[in-house]
Amino acid sequence: MDQPISPFHSGEIEAQSRAGRAERAAETGRFIRDFMPQQHRDFFASLPFLVVAGVDRGGLPWVSILEGRDSVVGAHDPHSLTLAGHLAADDPLLSGFVPGASLGVLGIEPATRRRNRVNGRLRQDGNALVLDVRQSFGNCAQHIRPRHWHRVAEFAEPATTARVSDRPSDAQKQWIRSADTFFIGSGQSSGREEGSDGHDASHRGGEPGFVHIDAEGRLCIPDYAGNDFFNTIGNLLRDPRVGLLFVDFDSGGLLQLTGRAEIIWNGRQSHDPNARRMIIVTIDRVVERPAALALRWRMPRADGMKLQVLDRVQESREVTSFHLAPVAAGPLADFRPGQHLPIALEIPGHPGPLRRSYSLSGPAQGKHYRISVKREGRGMVSGYLHDYLQPGDVITASNPSGDFVMPDGDTPLVLVSAGVGVTPVLAMLHAHVAGADMRPLWFIHGTQNRGTHAFREEIADLIARSPHARKCTHYSRPDPEDLRLAHHDREGRVTARDLVALGAGASAHYLICGPVRFTADLIAGLTRLGVPAGQIHHESFGPAG
């Protein structure tokens, strides 16, 4: 049998191996395609800006922002993006923004923490530049700081006011030190025009101060746990040239840097205790462009909502639920079933708050929120929640967000989960029952055994209350007691054939949440069995979720 061609080049594979993530990367690599699914196309077409990375005429890498008056991109087919925006005359990337150039594109929506990436090559089509897609994939949203954008009403593109230097000034260093977000561009070429050749644009985020400047003026960038593709680090192992972009979200100013990077694999040498590795950047050139964009961004006002823990409930051997209510009097904001709650925790001994998002697992209307958290082996936040957070404690949260939500309409629903992926689809089941929804609904859940089976009685009760809902539970590792008590319906893992055999049909909405491999296998299997990609919605958890 022919082996599938890896979407990764040799540098990425080396980085994955050195980080001990080669097997996980091989699984998550299934999400890298040579076309854009409809969900990605719709997402790109909705954006007012794109982050772009490439090289100038002299081969220096730069990262910039492409903005447009309306949508910045047209996504009319799965294999190309028509770029409607433009780069200004003083943008250092402009000379490389030409037909034939390789370009990395990041579409990011900070308010919902969603991001997708496309890499490809530019060509001219009439008066437009078109990016032909080589690779398309989603990315981990773990370190994205939520922000809402708006556009300055009377914006005139400034005259050439770029400030160019060989090293950052004291004011620019302060800009870098205070940043909680920046963008990084890298690239490599095998010389064989392979799909993995070209440039990548990526996001990096952390608490203000996470980028450190050492005594030699080098930028020390912690590399946290995140997606396991290692595109950026893999590129830098093959070509150390790197571009960086810092955005002044209040003024629309851009600070663009180009330089050379080296990788420090021992995270213990970092200034940040959470770093797994470090990227050290020696800066060669700096371009500052004040008020370069018409766009501005603001932090959400609710970032600071105080919630008190009312109760904690052990749902299974690994999962604990936390019931949260506002400290101040007043109603909670409703959420769409499937959305998550961003929280920030102050953990003793850590220099700043740690931010995570957990799916809301309870009803969408009520006097409190419920999040349900699985204890992860090395997870600092999940460990703190399980070991220390008690009724009466107060945490900080933002408004619920996310776009993995239950679709409206009368189309049948197939809700599929594995492990703690049950949490967002459980909220959907609550909404189905509370709204007396007439749609046929199947609730399919996979777990190891009754010891890991969270919400067993709650789900059974909800299913019994709806004449239109039915369930099927798969145990992959049942023990003898499970077989005697019949807590489950089937042995083995959930497969795409199991889902198609339900009879919901290709027009049903299939909403899937679980580990990356589980999700990838079901998406691939459903597609092969005739379910249109537009009817498959998914959310993964874990490093590449």
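Mentor: A291 sits in the loop between β16 and β17 (295–298). Keep in mind that this is a predicted model.

Trainee: What is phi of A291 near?
Mentor: Phi of A291 is near 45°, a positive value in a residue other than glycine. Most residues other than glycine have a negative phi.

Trainee: And how exposed is A291?
Mentor: A291 is partly exposed, at a relative accessible area of 31%.

Trainee: Where is A436?
Mentor: In the loop between α7 and β25 (441–447). Phi of A436 is positive too, near 50°. A436 is exposed, with a relative accessible area of 53%.

Trainee: Switching topic. How many residues are in the largest nonpolar core?
Mentor: It has 27 residues. L219, L244, F246 and I279 have the most contacts inside it. Elements giving two or more residues to this core include α4 (170–178), α5 (231–238) and β16 (277–289).

Trainee: What is I279 in contact with, sequence neighbours aside?
Mentor: Leaving out neighbours within four places in sequence, its contacts include I184, L219, I233 and L236. R204 and E262 are also among them.

Trainee: Which residues are in the other core?
Mentor: That core lies apart and has 25 residues, among them M36, W62, F97 and L131.

Trainee: Last one. At what angle do α7 and α8 pack?
Mentor: About 30°, with the axes of α7 (422–434) and α8 (456–465) 10 Å apart. The two helices are therefore roughly parallel, since the cut-off for that is under 35 degrees. Their crossing is left-handed.

Trainee: Which residues make the contact?
Mentor: V422, L426, L429, H430 and V433 of α7 meet E458, I459, L462, I463 and R465 of α8. They divide into 7 nonpolar, 1 polar and 2 charged.

Note on methods: Residues numbered from 1 in each chain as written. Predicted model: local features only at pLDDT ≥ 70, side-chain atom pairs only at ≥ 80, totals over all residues. Heavy atoms only, no water. Axes fitted to C-alpha atoms, helices over the stretch in contact; angles between N-to-C directions. Helix = DSSP H or I, 4+ residues; strand = E, 2+ residues; numbered from the N terminus. Parallel < 35°, antiparallel > 145°, perpendicular 65-115°, else oblique. Left-handed = near helix turned anticlockwise from the far one by under 90°. Contact = heavy atoms within 4.5 Å. Nonpolar A, V, L, I, M, F, W, Y, C, P; charged D, E, K, R; others polar. Core = buried A, V, L, I, M, F, W, Y, C linked by side-chain atoms within 4.5 Å. Buried < 20%, exposed > 50% of the residue type's maximum accessible area, 1.4 Å probe, protein only.
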